[in-house]
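Dear colleague,

I am handing over the structure below, together with notes on what was found in it. Please read the notes with the coordinates open beside them.

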Amino acid sequence: MGLGDGKTEMADWNGAGRAEYSIDGKRGFVMIPDSRQIIIPKSPWKHYKEAEAVSEWYMLFYCNTWGEVIGHAEYLNAINRLEKFVLDSDKDFFLLRGLNEEELYSLAEVRPKREDYFSYVGELSEDVRAEIDRTFQKGVRAFEINAPEDGARMAEQIMNIVDSILETGMIPDVYEDIADVAVALGVMFGQALCCGYGWKWKVFGSSKEQASFGVVSPEENFCNAPMPYLLKILTGQNINRYGENDNTVLLLYNMLENIDKKPKKERYYPLA
């Protein structure tokens, strides 16, 4: 790559995260998120304990904000195209600067097909619809939501509630644990999208048998599973480029306005 093997004084290796990896049979994936400095191995087969069973290695690019895959590329091919993003290297690893979604998208050789985001979309059962309504009304009372018909105001209130929980660890007595709170706030966030932008509660997944419920955009181009999304934030796993948990509730809400009107080439944005 034309890069030396010595670390430079300007490169902050200590401030970077190490790439996570995943093994799927004989295929291995080193995962590269957006917006974060990351350390990746030059030869992953030398550094991961399960690597002896892997015959194919890939880089998998994903959007940390949305929590979904952008695409993947054969590992050595990706290494050769990453040179302009490398801040430093030593004999075993590269230090990559934070990449934006467009840059990751340009590196992907294979991208998820559009229909694969939710190949099955169906209507909620009456029981699930009733449970969502009950959960929403309970959350409005417990968290004292003062504008449940206003999507933007509700999203802002949810963001403030999440900030308070993360700071104090305190939750309303009507909830048993943080998982229950995530369900309640997730339902309220989904409802904020419904009343603010015209999203709809539906079930979606790879099949009717493998479907879960959440909200989909008006033209059904995009989906959001709000309960896992809120749980990720509340449990400190929504990591930003600085390695910190990030409360992106209001940011995500604002980014979803008119998302169905995005140019086709940009519709690789999947949603957490």
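Strands β11 and β12 form a hairpin with six residues between them, and E220 in the turn has a positive phi of about 60 degrees. Helices and strands here are DSSP runs numbered from the N terminus, a helix being H or I over at least four residues and a strand being E over at least two. Please keep in mind that this is a predicted model, in which local features need pLDDT of at least 70 and side-chain atom pairs count only at pLDDT 80 or more, while totals for chains, interfaces and linings use all residues. Residues are numbered from 1 along each chain as its sequence is written, and side-chain values use heavy atoms, with hydrogens and water left out.

The pairing of β11 with β12 (residues 223–224) is antiparallel and runs over two bridges, with V216 standing opposite C223 in β12; two strands pair if DSSP finds at least two bridges between them. On the strand β10 side, six bridges join β10 (residues 200–205) to β11 (residues 211–216), again in the antiparallel sense, and G205 has A211 in β11 as its bridge partner. β10 and β11 also form a hairpin, with five residues between them. These strands belong to an open sheet of four strands, ordered β9-β10-β11-β12, with antiparallel pairing. The edges are taken by β9 (120–122) and β12, each of which has a single partner strand, so one side of each is left without a neighbour in the sheet. Helix α5 lies across β10, β11 and β12, and runs at about 115 degrees to β10; axes are lines fitted to C-alpha atoms, for helices over the stretch in contact, and angles run from 0 to 180 degrees between N-to-C directions.

**Helix α3**

The 17 residues of α3 (residues 126–142) should span 24 Å at 1.5 Å a residue, and its end C-alpha atoms are 24 Å apart, which agrees; the expected span is 1.5 Å times one less than the number of residues. I132, T135, F136, G139 and V140 of this helix are buried, where buried means under 20% relative accessible area, exposed over 50%, and partly exposed in between (1.4 Å probe, protein chains only). Seen down the axis of α3, its buried residues fall within an arc of 135 degrees, so they line one face of the helix; the arc is that of the directions from the helix axis to the C-beta atoms. On the other side of α3, E126, D127, R134 and R141 are exposed.

The buried residues of α3 pack against α4 (151–168), α5 (178–197), β10 and β11, contact being heavy atoms within 4.5 Å. In the loop between α3 and α4 lies E144, whose phi is near 55 degrees, a positive value in a residue other than glycine. At 65% relative accessibility, E144 counts as exposed. N258, in the segment after α7 (249–255), likewise has a phi near 55 degrees, and at 47% relative accessibility N258 counts as partly exposed.

**The mixed sheet**

An open sheet of four strands has the order β1-β4-β8-β7, and its pairing is mixed. Here β1 (17–18) and β7 (86–89) stand at the edges with a single partner strand each, so one side of each is left without a neighbour in the sheet. β1 runs parallel to β4 (residues 38–41), to which two bridges join it, and R18 stands opposite I39 in β4.

In β7 lies L87, which is partly exposed, with a relative accessible area of 39%. Leaving aside its neighbours within four places in sequence, L87 is in contact with Q37, L95, L96 and R97. L87 and W13 are 74 residues apart in sequence and 9.5 Å apart in space, C-alpha to C-alpha.

**The chain as a whole, and where to be careful**

The secondary structure comes to seven helices and 12 strands, and 47% of the 272 residues count as buried. Among contacts between residues at least 6 apart in sequence, 64% join residues at least 24 apart.

The chain averages a pLDDT of 85, and 87% of the residues score at least 70; pLDDT is the predictor's confidence in each residue, from 0 to 100. It stays under 50 over residues 1–9, for which the model has 20 contacts beyond four places in sequence, and also over residues 263–272, for which the model has 35 such contacts. Where pLDDT is low, the predicted coordinates should not be read in detail.

With kind regards
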